[in-house]
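User: I am new to this structure and would like a guided look at it. Could we begin with a charged pair and go on from there?

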Amino acid sequence: MSPAEDAAPAPAEPTPDPDETSELASVSPPPVPATAVEEQHLTGRPPPHLPPPTDRLQNQLSLQGAVAGPSAEATSFAGSIMRQRREGEAAGPAAQLSEATEMKLSLKREIGLTSAVSLIAGTMIGSGIFMSPEWVLRNIGSPAGSLIIWAACGLLATFGALSYAELGTIIKESGGEYIYILRNFGSLPAFLFAYTSVIMVRPAGVAAISLSFAEYTVAPFYPGCSSPQLVVKCAAAACILFLTLVNCLSVRLATSVMNVFTGAKLLALLVIVVGGVVLLINGQAQTFQNAFQNTQYGAGAIGIAFYQGLWSFDGWNNLNYVTEEIKKPEVYLPRAMMIAIPLVTCLYLLVNVSYFAAMTPSELLSSGAVAITWGNKVLGNAAWLISLSVVLSTFGSAHGTFFSGGRMCYIAAREGHMPDILSMVHVKRLTPSPALIFTSAVSLIMIIPGSFSNIVNLFSFTAWLFYGITIAGLLYLKIKKPELPRSYRVPIIIPIVVLVTSVYLVLAPIIDQPQTEFLYVVLFIFSGVTFYFPLVYYQYHPAFLRRFTLHLQLLLEVAPAEKNVN
């Protein structure tokens, strides 16, 4: 039961009107083949050859649970509340009913090709390339092995993105892995993903990147010593709060900020690349002699090295979280991925070569902040430019992760897997502000006990577990439902490679280097079952929660939104 239905007593059910009954019968759609029903289930919209239901039939189907999304009554009631607050009028039940077709909120399609590329590249280029090279080298043991890991991570991210591009042209809904798992495997697996992602994975990503931003931001104020952890965590909290404000105000403002910071971080990486080229021209290539010495070949060591490298590529799937906000998603989704990910991969390889040209492996392992050490050795007095660049890069990456993480929470709530308030958007700004505020709150909590390397390992383990499940869904669609319309098809060998790699990345560290943290993560994922059955399966919603949702609607000025899949 929605907050609107709980707030006002339900009127007595009228006797069916024979004329009205016949009218409903006359507009009922004809029987459709099974493939059409499957297409509607997967894509969230009726196939083009089916007549759209009338508003009256749509409301009837909504009450029966056959149509996803908020009910017209909830939208109407929230809309009437907003009008009461602005105009000081008391709208009666008749006015509420008449507004059912007037108040239709949805997120706008404001992400073009440039913003799409910026969202992917801007999220990928963050703290990872400035901090992960040390951890990749520490686990793999040699410069050449490190470069191979970075190249393999880029190739894997590209294959994953191409697979997701096909999924995005079949299921044109926002939500990324969540919506794909929901449409392919059903409610329980999707809920477990949403529960894990909203509570742990996405906030962990925002927290880890914000901590990196804070480390580099406060470091100049404490020369010659490590920064106090309290100061670092306060700076990270300030970063998250600022991101919350920007994303709640406007989608256009958020994408503009993303474009600016993406340009800045690309420029910063080009400075490091050019510096490395100059060093190599001057003959500083000693690190590349016996480059494979001390390489670690254990499955667990390679898996952990992949975790650290793939952390720098995280964000390759971010565009699928905002499919409903992309202009021409069937065109821009695959095109943006093919521009952004190869570009970032090439830059990462060249930046790592530059690091090894300036530092020996032992210097790199003891540096703590690889980019700053590189700047001190190569740029001298201008090393502050690298510190500034790292700050800009980490902030931009945190922004992209926060942007998509809020949408994940919003979509899960819209499908009934999270509290209703998280599925609502601001009535004027059309931003999912409740979901963004919730993501911000959980991220702030994760900053308190978090450390960078531990957060990265837990994040990567969980993320690749669900990436594998999502790719398995694509293979199912390619084999069992090849007739579904899609504007882009990826060769089947590519998702197979991604699936096999996902299985390896999940199992290898557990088998070769078991850690208690991985057990905790698995237990946390399956603990979601205890919430699924009472809250989702049996639809138990305490009355106090519905009243609380209603008060939050008034406070935040939000209302339910419809899908935007046309």
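**A guided conversation**

Analyst: A salt bridge joins the side chains of Glu 325 and Arg 407, at 3.0 Å from N to O. A salt bridge here is a side-chain nitrogen of Lys or Arg within 4 Å of a carboxyl oxygen of Asp or Glu. Glu 325 sits in the loop between helix H14 (299-313) and helix H15 (329-358), whereas Arg 407 belongs to helix H18 (residues 384-414); the pair links distant parts of the chain, 82 residues apart. Helices (H or I, at least four residues) and strands (E, at least two) are DSSP runs, numbered from the N terminus.

User: What kind of model is this?

Analyst: It is a predicted model, in which local features need pLDDT of at least 70 and side-chain atom pairs count only at pLDDT 80 or more, while totals for chains, interfaces and linings use all residues. Residues are numbered from 1 along each chain as its sequence is written, and side-chain values use heavy atoms, with hydrogens and water left out.

User: Back to that pair: is Glu 325 buried or exposed?

Analyst: Glu 325 counts as buried because its relative accessibility is 1%. Arg 407 is also buried, with a relative accessible area of 1%. Buried means under 20% relative accessible area, exposed over 50%, and partly exposed in between (1.4 Å probe, protein chains only).

User: Which residues do salt bridges with shared partners join into one network?

Analyst: Glu 166, Lys 478 and Arg 486 are joined in that way.

User: And how many salt bridges does the count come to?

Analyst: The count comes to 10 salt bridges. One of them is between Arg 252 and Glu 110, whose side chains meet at 3.6 Å, N to O. This pair links distant parts of the chain, 142 residues apart: Arg 252 is in helix H13 (residues 251-281), and Glu 110 is in the loop between helix H6 (93-98) and helix H7 (113-124). Arg 252 is exposed, since its relative accessible area is 55%.

User: Where do Arg 138 and Glu 134 lie?

Analyst: Both lie in helix H8 (residues 128-140), 4 residues apart, which is about one turn of the helix. Arg 138 is partly exposed, at a relative accessible area of 41%, whereas Glu 134 is buried, at 8%.

User: Switching to the surface, which residues form the nonpolar patch?

Analyst: Ile 479, Ile 492, Ile 493, Ile 496, Val 497 and Val 500 form it, with about 500 Å² of accessible area together. Patches are made of residues with over 30% relative accessible area and no salt bridge; like charges are joined within 9 Å and nonpolar side chains (Val, Leu, Ile, Met, Phe, Trp, Tyr) within 5 Å. Accessible areas come from the Shrake-Rupley method with a 1.4 Å probe, and for residues only the protein chains shown count as cover.

User: Which helix gives the largest share?

Analyst: Helix H21 (residues 493-512) does, with 4 residues. Val 497 is found in H21 and counts as partly exposed because its relative accessibility is 33%.

User: How about H9?

Analyst: Helix H9 (residues 143-170) has 28 residues and spans 41 Å from first C-alpha to last, close to the 40 Å expected at 1.5 Å a residue; the expected span is 1.5 Å times one less than the number of residues. H9 is mostly covered, with 23 of its 28 residues buried.

User: And the chain overall?

Analyst: The protein chain has 24 helices and 2 strands, and buried residues make up 54% of its 566 residues.
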